[in-house]
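User: Could you walk me through how to read a few features of a structure like this one? I'd like the general idea, then the actual case.

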Amino acid sequence: MPAPSKKTALAAAAALAAAGLAACSTPDEDDVPGVTDDTVTIGTHQPLTGPAAAGYASISAATDAYFQYLNDNGGVHGREIEYLVKDDAYNPSETQTAVRELVGEDEVFAIVNGLGTPTHTSVLDYLDQQGVPDLFVSSGSLTWNQPETYPNTFAFNADYVTEGAALAQYAVDQNPDATVCVLGQDDDFGAGILQGVETVVGDEVAEAQEYSSSNEDVTAQIGAMMAAECEVNILGTINGFTALAVGTAAQMEWFPQWYVSSSGADYPTLVEYLGEEEAPLLLQGMASVNYLPNSPGSDWYDLFRQINEDYNDGADFTGNTVFGMSVGYLFAEALAAAGEDPTRESLVAAIESGDLAGNGIVPLSYSEDDHAAYRSVGIAVVDEGVQDFVGTTYRVDDGTVEQIEADPVPLENDGVPGQ
Amino acid sequence: MNAPTSRLVLRAALLTLVAIAATFALDPFRNYQLATAAGCFAAVAGLTVLVGLTGQLSLGHAVLMAAGGYGYAIASTAAAEALPGSDALPFLAGLGGAVAVSGVLGLLLGLAAARLRGPYLAGLTLAMVIALPSAANVIPALAGDQGRGAPFFPVPEALSSLIAVEQWHAWLAIAVAAVAVTPLAAMRRGRAGLRMRAVLGDETAARLAAVDPAKVKTGAFTVSSLAAGLGGAVLAVATQSVSPGAYGLGFSLLLVVAAVVGGLGSIGGAAAGSAIIVVLPWLVDSAASALPADLGQRLNGNLAVLLFGAVVIAVTAARPGGIAGLPRRLPRPPFTRNTRTPETEPNQNTER
């Protein structure tokens with residue numbers, strides 16, 4: 001066999017030379033990634049383009065506005081927060097690239113508020129393997145609350161099972177004889193809502209329908225629910241599909257009651273879909289759950305409104321704005337609690353300590369063996385174009401739902417933690 | 001093994017070693033991009049041999065990659081559950097699954113391909129790409145829009161202090177790509193390649209020379225699918241997930257772009273083309289993010305597509321043979337030399 005000896009020698013030399021550069025690719029463990037004397041760099045993946053952009057692109061802008069406000073007020077322990085937002089178009093394969101770039105290239109301290117169940121699931125193992133704190137995931141899947149498997153991952157949303165159970169309980173409390181139906185997205189979201197509803201009404205869900213977000217037509221599903229004479233429709237839908245479901249039913253001249261998960265019940269966003277004129281009529285009486293300070297007139301609401309004016313070019317102020325800024329505040333609080341010289345370990349320990357208050361209408365439930373943020377949710381109802389809490393709050397624990405008193409966290413120090 | 005083939009295998013082994021050595025010079029994110037490019041390389045190599053040698057234009061190689069990815073995810077997950085504690089066996093089982101699923105799908109498509117010409121085959125394969133999201137929603141094993149997860153293959157103990165996980169995955173990707181592409185290269189320069197060119201040149205003449213065009217075309221499509229399937233498996237290893245969103249129409253057309261820009265029929269060109277389709281969008285997005293926020297956001301995602309269009313037009317206008325260049329070392333059957341200029345020959349054939 002004639003061997004190309006010159007090439008062999010060349011290749012061997014190249015291999016040897018390259019081996020000398022080994023250090024370039026091995027993890028560097030001396031410094032804390034993303035933390036310098038005056039900055040902390042964190043990153044996120046968000047749908048800035050693509051099908052989910054219309055419903056969620058405003059979240060990261062709001063978070064960024066809060067961080068600018070915080071930085072102008074001294075930051076956290078003298079460090080400014082740099083928030084890198086990467087677009088993943090709600091496509092898991094793009095999330096992969098975006099998050100690897102954040103971790104590998106930009107060397108972020110933590111990933112904060114990565115949005116979406118399918119998208120974030122695709123980087124869960126990677127982040128765990130890299131030991132990157134994976135904080136306040138923007139999705140209500142139960143996946144994020146597995147402290148033994150994913151010790152660095154923390155949820156932010158109330159999980160979908162909790163939301164489904166609270167919505168069903170409120171429906172039963174309002175009218176014990178109502179025919180309850182469910183329309184859910186065909187993933188963890190819809191399945192979680194259905195599971196929660198079933199913990200309350202058992203197998204008495206008259207009709208459970210699913211939709212796929214890649215098919216923007218729910219006529220068949222709404223038709224089936226109408227045929228089943230549903231009175232209360234509990235929706236595990238994203239904003240666009242909530243609007244689609246309500247609009248499709250209205251076209252059929254069917255006006256049932258709508259009970260909607262927090263992920264798809266943002267009134268200002270729904271108005272954008274349904275139109276200024278029709279939305280107040282179509283959405284009158286729509287019940288939903290929430291756990292963030294969404295009450296017009298509350299201290300947090302007013303502060304966030306002001307920050308939105310000053311740092312977000314006065315963008316539309318929606319539930320997404322409150323959500324995004326609440327996430328920013330919670331991260332700042334966690335970073336302040338992680339000490340003067342934060343490390344990835346001290347950040348995770350600060351959250352697990354259970355000392356973080358957040359800014360919800362109910363307490364946070366983080367602990368060493370619970371990485372869920374909110375186990376209680378308040379009921380909010382739309383009345384004459386205003387969505388506000390009605391004072392009913394439910395706590396969901398292991399399949400039991402009990403009514404509790406809301407316990408809103410008061411605003412302190414103008415929303416700048418660690419002073 | 002005859003002398004040319006053994007030389008080819010030796011050269012492939014050397015190139016593989018060089019590529020693996022090169023991973024040491026790259027940071028983790030570059031290694032991830034390298035792994036992605038290696039996955040695309042396997043698929044593009046399959047595509048370029050298919051189009052360049054038999055003239056069958058497939059716009060649906062992304063679906064064949066997805067088939068390999070799903071095959072990998074399903075088989076390796078099952079193996080990981082059956083044999084907890086082992087990392088290498090699920091990987092091998094996954095590769096087996098990828099080969100099986102993409103091979104069967106490729107064979108079925110190949111049987112249809114043998115009866116279809118030019119635009120009809122392109123149309124069929126295009127329809128496959130468009131049908132993928134719906135298929136994923138209807139077939140429970142494919143797990144809808146969310147897609148399936150594949151087991152994580154961590155760095156082996158012995159290497160864990162030396163290399164990061166991205167580098168390890170890049171090694172695996174390079175090795176799998178080598179296994180996928182080397183047989184293609186051998187086939188291209190062997191008897192099978194000669195038969196393909198004979199069929200491409202003139203089917204009637206080929207039949208007179210006792211070459212069965214249907215068999216040759218079906219075989220070529222199947223072999224090409226296997227390479228694409230292994231490419232999909234590589235992406236599943238690197239990303240631990242397979243979802244229809246990753247294998248959309250845009251990606252499928254990018255594979256064709258890579259084959260055309262690299263030079264139809266050229267393996268080296270396929271490598272260059274794959275690198276371009278992985279790196280160019282990333283470069284463009286990085287550049288776009290440096291622009292003012294409003295303009296940058298508007299261009300985001302669109303600029304890369306625009307640029308690819310421009311690149312394809314420029315390459316076909318200036319160098320129809322692609323990056324690989326015109327001086328082909330391969331002996332060409334005389335009848336093609338007499339009737340057509342070599343560089344435009346594949347296009348003319350796919351369009352008739």
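Predicted model: local features only at pLDDT ≥ 70, side-chain atom pairs only at ≥ 80, totals over all residues.

Analyst: Below we go through a disulfide, a strand, a helix and a backbone angle.

User: How many disulfides does the structure hold over all chains?

Analyst: The test is a pair of cysteine sulfur atoms within 2.5 Å. Over all chains there is one disulfide: A:Cys181 is joined to A:Cys230, with S to S at 1.9 Å. The two cysteines sit 49 residues apart and link distant parts of the chain, with A:Cys181 in strand E6 (residues 180-185) of chain A and A:Cys230 in the loop between helix H7 (219-227) and strand E8 (232-236) of chain A. Those labels are DSSP runs numbered from the N terminus: helices are H or I with at least four residues, strands are E with at least two.

User: Which handedness does the disulfide of A:Cys181 and A:Cys230 have?

Analyst: Look at the torsion about the S-S bond: for A:Cys181 and A:Cys230 it is about -85°, so the disulfide is left-handed.

User: Are A:Cys181 and A:Cys230 buried or exposed?

Analyst: Buried means under 20% relative accessible area, exposed over 50%, and partly exposed in between (1.4 Å probe, protein chains only). A:Cys181 and A:Cys230 are both buried.

User: And the strand around A:Cys181? Which strands pair with E6(A)?

Analyst: Strands pair if DSSP finds at least two bridges between them. E6(A) runs parallel to E8(A), joined by five bridges, and A:Val182 stands opposite A:Ile234 there. E6(A) also pairs in the parallel sense with strand E7 (residues 207-211) of chain A over five bridges, where A:Val182 has A:Ala208 as its bridge partner. Six of the six residues of E6(A) are buried, so the strand is largely enclosed by the rest of the structure. A:Val180, A:Val182 and A:Gly184 point one way, and A:Cys181, A:Leu183 and A:Gln185 the other way.

User: Now a helix. What span does H9 of chain B reach?

Analyst: The expected span is 1.5 Å times one less than the number of residues. Helix H9 (residues 213-239) of chain B has 27 residues and reaches 39 Å from its first C-alpha to its last, close to the 39 Å expected. Of those 27 residues, 22 are buried, so H9(B) is largely enclosed by the rest of the structure.

User: What follows H9(B)?

Analyst: First the general idea: most residues other than glycine have a negative phi. B:Gln240, which follows H9(B), has a positive phi near 55°. B:Gln240 lies in the loop between H9 and strand E2 (241-242) of chain B, and is buried at a relative accessible area of 5%.

User: What about A:Tyr90, where is it found?

Analyst: A:Tyr90 is in the loop between strand E2 (80-87) and helix H3 (92-105) of chain A. A:Tyr90 is not a glycine, yet its phi is positive, about 60°. With 18% relative accessibility, A:Tyr90 counts as buried.

Note on methods:
Residues numbered from 1 in each chain as written. Chains lettered and ligands numbered in written order. Heavy atoms only, no water.
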